[in-house]
Amino acid sequence: MTKTPNISFEFFPPKNMAATFGLFETVNALHDLKPGFVSVTYGAGGTTRTLTHEAVELLHKKFGLNVAAHLTCVDATKEETLAIADAYHAAGVSEIVALRGDPPKGAGGFTPHPEGFANSIELIEALSKTGKFKLRVGAYPDPHPEAADENADVKFLKRKFDAGADSAITQFFFDPDTFFRFRDRAVAEGITGQILPGILPIGSWNGVKKFAQSCGTPVPTHLDELYAKAGQNAEQLSIDLATDMCEKLIAGGVDDLHFYTLNKPNLSKAVCANLGVTTA
């Protein structure tokens, strides 16, 4: 029998009233599963900075969730970035997902603010010195689009842990062996910190495929065929695929799974139920 995993969820901050209700419904559907933590994302270029803070406070105070707030280096001075962290701490938040962040759309690449953090390493070091937060960071089992080679991401992840990171959450992937190969490279590099696999149950195959291509995640061709044949059974196919991958990860020694919900609860909740994670 598959061991029941520890789970966590990612949400994004709502940009309008309808999206706010959607977030409420998603959190209401998932918070009884007792996630170890939930994370709230930051828009590209820091575009949702205020919305992220509001969502973080809401999830922490209204729902009593342990929230890991995303914080990036984009378009802010060091002083401004650390002030945001202090505001999180004042609101009772004790975890941060520290990221370089995506540049604003059309920027053509990341350019550090003249008075800001140059990269995630500098941000992690500064947050670690405060002693106020558990720090989570990003990891890329498939090469990041800016990586020089497949080992560059592992080496950079080692620097993140050395700078003070407590754990890492991976970008989503389609094959559990992708995660296992990355984990093996991480161990070989001397990384001893926890690496949580990021799981994205597929709500829209075309949407996920487009997103994967934009972040350098290889797309298996056989999934095109499966979804072309699935028709009205696409949702069940997504649940089955995600469940199968999670079961293989757990069988391979993974204890914790982080679900990218896209603020829609049904797929993640169904996969969790298949894994024995229920409200009962």
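Axes are lines fitted to C-alpha atoms, for helices over the stretch in contact, and angles run from 0 to 180 degrees between N-to-C directions. The structure is a predicted model.

**Exercise 1.** Determine how α6 and α9 are oriented to each other, and which residues form their contact.

*Solution.* Step 1: the two helices pack at an angle of about 30°, and their axes are 9 Å apart. Step 2: angles under 35 degrees count as roughly parallel. Step 3: α6 and α9 are therefore roughly parallel to each other. Step 4: the crossing in which α6 passes α9 is right-handed. Step 5: α6 contributes Pro 176, Phe 179 and Phe 180 to the contact, while α9 contributes Met 245, Lys 248 and Leu 249. Step 6: by class, the residues of this contact are five nonpolar, no polar and one charged.

**Exercise 2.** Carry out the analysis for α4 and α5, and state the classes of the residues in their contact.

*Solution.* Step 1: helix α4 covers residues 120-130 and helix α5 residues 152-163. Step 2: they pack at an angle of about 15°, with axes 8 Å apart. Step 3: α4 and α5 are therefore roughly parallel to each other. Step 4: their crossing is right-handed. Step 5: on the α4 side the contact is made by Ser 120, Ile 121, Ile 124, Glu 125 and Ser 128, and on the α5 side by Phe 156, Arg 159, Lys 160 and Ala 163. Step 6: these residues comprise four nonpolar, two polar and three charged.

**Exercise 3.** Are α3 and α4 roughly parallel or oblique to each other?

*Solution.* Step 1: helix α3 (residues 78-90) packs with α4 at an angle of about 50°, the axes being 11 Å apart. Step 2: angles under 35 degrees count as roughly parallel and 65 to 115 as roughly perpendicular. Step 3: α3 and α4 are therefore oblique to each other. Step 4: the crossing of α3 and α4 is right-handed. Step 5: Lys 78, Thr 81, Leu 82 and Ala 85 of α3 meet Glu 122, Leu 123, Ala 126 and Leu 127 of α4. Step 6: the contact of α3 with α4 divides into five nonpolar, one polar and two charged residues.

**Exercise 4.** Describe the second largest pocket, and identify the helix that supplies the largest share of its lining.

*Solution.* Step 1: the second largest pocket holds about 370 Å³ of space. Step 2: 22 residues line this pocket, and those nearest its centre are Phe 174, Asp 175, Pro 220, Leu 223 and Met 245. Step 3: at least two lining residues come from each of α6 (176-188), α8 (221-230) and α9 (234-251). Step 4: the largest share, six residues, belongs to α9. Step 5: by class, the lining has 14 nonpolar, four polar and four charged residues. Step 6: Met 245, one of the residues nearest the centre of the pocket, also takes part in the contact of α9 with α6.

**Exercise 5.** How many cavities of 30 Å³ or more are found in the whole structure, and which residues line the largest cavity?

*Solution.* Step 1: the search finds one cavity of 30 Å³ or more. Step 2: the volume of the largest cavity is about 40 Å³. Step 3: its lining consists of Tyr 140, Pro 141, Asp 142, Pro 143, Gln 171, Phe 172, Cys 215, Gly 216 and Thr 217. Step 4: five of these residues are nonpolar, three polar and one charged.

Notes
Residues numbered from 1 in each chain as written. Predicted model: local features only at pLDDT ≥ 70, side-chain atom pairs only at ≥ 80, totals over all residues. Heavy atoms only, no water. Helix = DSSP H or I, 4+ residues; strand = E, 2+ residues; numbered from the N terminus. Parallel < 35°, antiparallel > 145°, perpendicular 65-115°, else oblique. Left-handed = near helix turned anticlockwise from the far one by under 90°. Contact = heavy atoms within 4.5 Å. Nonpolar A, V, L, I, M, F, W, Y, C, P; charged D, E, K, R; others polar. 1 Å grid on protein atoms, 1.4 Å probe; cavity = no way out; pocket = protein on both sides within 12 Å on 5 of 7 lines; lining within 4 Å. Points joined across faces, edges and corners; volume = space filled by probe spheres on them.
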